[in-house]
Amino acid sequence: MKGLLRFFFTLRALVWALPLVLACILAACFLPQLFLWYIGEISRCGVFSSCRATALGLSWAPALLVSPLGLVVVVGAAIAFRVAAWALFEILGQLSSRHLARKMIQGLAGTRVTWFDTQGSGAVLSRFSHDFPGLKEMGVIRLGDSLNALFEVLCLSSLILFVDARPFFIVIPLLVTFLFLVAKLGGRLEGAKSRESLAMGSFLQKATDMFDGAWTFLVYGKADLLRVRLCRATESLVQANVELASLAARGRLLAEAVSSAYGFLFLVFVAWAMAQGKIEVGLAAVLLTTVFRLQPAFSWLFWAAANLRESEAAAQRVFELVDLPPEEAQERVSPVSSPQDSLQGLLKSPVALPREGDIVFAAYSASYRPDSPLVLHSVSLRFEGGRRTGLIGRTGAGKSSVFQALMRMLHVTQGDILLGGVSLFSVPPEHVRSVFCVVPQQPYLFAGTVREALDLPGVARENDLRAALAEVGLPLALDEPLREGGSNLSVGERQLLCLARALVSDKRILLLDEPTSSVDVETDARIQGLLASTFRGRTVLTIAHRKETWEGFDAIVELQAPEGAVILK
C-alpha cells in the first residue's frame, strides 16, 4: 500500500484539512445512533413534552433534555455532517490531485529523451488517460469510502460494546476472516488491475499504429493484419475487464457473506438477552437497528479495503513517471569529478555559456543509453565560430548524434564539448539548448498561429516577421492558424517556417538537419542563398546528403563511424 499512502500525502489540501474531515466523518457516524435513541425517548416522554433521560441507559452518561426541537437539531446536524464529510473529502481530494498531474508531466519532461525509445506510446498514454484519472477519481473515492466505512464500523461496534461486551467478541473471528479475505482478494484485484492497464496500453499502441501507419499497411496489402492486431488488442482488453469484473463480483459476495454471518449471530444474542430479561425492549430496538446498519457498513468496509489494492496498481504506474530520474542523473557513466560538472557546484559559482564561439569536441564518446553501443567514439572536432560547416557521411555514421550531443541528449562515457572555451556540462541542459536554433528534418509545430510559430517570445516586430516569410518564399499570413504538429502544412513548408524563425531569432548558432530535403530545386537555391548572405557571420552546422547542398560551405566534415571524423575542406 506504499503507492496509495504516497498518493494520499500528495493531496495537500486534503491532508491539511484531515482533522476537520475526520471530525465530520465521526459526527456523521455517531449522530444517527443519537437519533435512534432520541426517537425512543420521545416515544416514552410524549411527542409534545420534554423530559430528561440518560443516554442509552448508561449510568455514567449525562442526562439530556429530550424534546421535538432537539430531534430536529439532531436530524439537521446528521445530514449536515454527512454531506460535509463527503464534500470535503471529494472536493479537496480532486483539487489536490492536480499537483500529482503536474509532477507526472515534470517527471516526463525532465527525463532523457532516450527513455522514450524503450517505452511504447500506448504505455505512456495509458498512464495519463487511464491510470491517473482512475486514481484521481476512484482512488480518492475509495479512500473516502474506506475511512467512512471504518468509522461507521468502529462507531457501531463501540455502541454495542458499551451496552454489552459479549456480542462484541463475535467480531474477533469475523475480523480475522475479514483480514484474510481482504489480503487475498486485494492482491488478486491489484494484479488484475495491472493486467488491465497493460492491456489498455497495448490497445492504445495498436490504435496509434492504425492512425499513423495505415498508409503503409494499405500500400503493402496488409490492411487485414492491421485489423487483426487491433482486434487482438481489443480482445485482451475485454478479457482483462472481464477478469476484474469477475473478481469484483466474488468480492461483493464474500463481503455480504461475512457481514451477514455477523448480523445473524448478533440477532441470536439479542433474542437470547431479551428472553432472559437482560435487555429492555427499547434498548433492543436500538441495538437491532444498529446491527442492521452495521451489516452493510461491514460489507462496505470490506469492499472499499479490497478496492484500495486495485488502486495501488494504478498508483505504482503513476509514480513511475513521477520518479523518472532527471537528465543530469543519467548523463554520465561515473559520478562527476569536479564541482563545475555538478549542479550543486554550479549553483555556488554559476558559469555563463557564451552565445557564439568555436565548438570543440574533445575525445568525446557517447551512446543513446547506458546499455547500448557507442554512437560517437572518441570524436575530436573543432567547428569554427562564424563559419558554415557541412556534416556528411553514410547512414549511421553519427551526423544526427552530433546534434544530439550538442543538445546534451546522449549518455556520455568520456570527453567534453566546449563552446567558446566553456564546457556545455557546466550549465543546466535548458541553458545549453537556448543557445541553438534548430531546423529539424521532420519539424513539429505547436497549434497556434504563424506569428506564434515565428516568434515564440512575442518580441519581434511585425515587419521583421513578414520579411522573414518573404525571404524563405512562404505566402502565409501571420494570423493564419496552424494545427497541432503543423499538419495543415507540408513538410517542406514546415522546414521553411522553421528557417524563417531562425531568421527572426538573434541566436548565433544554427543546427540544420537537411533543411532542403523536402523542397523543390528553386526553393533549395533560395535557401542556399540565404545561408550564404543573410546568415553570414553566424555559426551554421548543416547535415547534408546532396552534393549541391554543401558545395558553398566553408568547411566539410565527413563522419566515418566508428573511426571518427575526417575534415575534407
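This is a predicted model: local features need pLDDT of at least 70, side-chain atom pairs count only at pLDDT 80 or more; totals for chains, interfaces and linings use all residues.

Visitor: At what angle do helix 14 and helix 15 pack, and how far apart are their axes?

Guide: Two packed helices are described by the angle between their axes and the distance between the axes. Helices (H or I, at least four residues) and strands (E, at least two) are DSSP runs, numbered from the N terminus. Axes are lines fitted to C-alpha atoms, for helices over the stretch in contact, and angles run from 0 to 180 degrees between N-to-C directions. Here helix 14 (residues 462-472) packs on helix 15 (residues 491-504) at about 135°, with the axes 9 Å apart. Helix 14 is therefore oblique to helix 15 (under 35 degrees is roughly parallel, over 145 roughly antiparallel, 65 to 115 roughly perpendicular, and the rest oblique).

Visitor: Which residues make the contact?

Guide: Contact means heavy atoms within 4.5 Å. Helix 14 contributes Asp464, Leu465, Ala468, Leu469, Glu471 and Val472, and helix 15 contributes Leu496, Leu497, Leu499, Ala500, Leu503 and Val504.

Visitor: How many disulfides does the structure hold?

Guide: A disulfide is a pair of cysteine sulfur atoms within 2.5 Å. The structure holds zero disulfides. Cys437 is in none, and the nearest cysteine sulfur, that of Cys498, is 8.2 Å away.

Visitor: Is Cys437 buried or exposed?

Guide: Buried means under 20% relative accessible area, exposed over 50%, and partly exposed in between (1.4 Å probe, protein chains only). Cys437 counts as buried because its relative accessibility is 8%. Cys498, at 1%, is buried too.

Visitor: How many residues of helix 11 are buried?

Guide: Six of the eight residues in helix 11 (residues 399-406) are buried, and the helix is mostly covered. Those buried are Lys399, Ser401, Val402, Phe403, Ala405 and Leu406. Just after helix 11, Arg408 has a positive phi of about 60°.

Visitor: Where does Leu424 lie?

Guide: Leu424 is in the loop between strand 7 (422-423) and helix 12 (429-433). Its relative accessible area is 1%, so Leu424 is buried. Apart from neighbours within four places in sequence, Leu424 is in contact with residues including Leu406 and Arg408.

Definitions and conventions. Residues are numbered from 1 along each chain as its sequence is written. Side-chain values use heavy atoms; hydrogens and water are left out.
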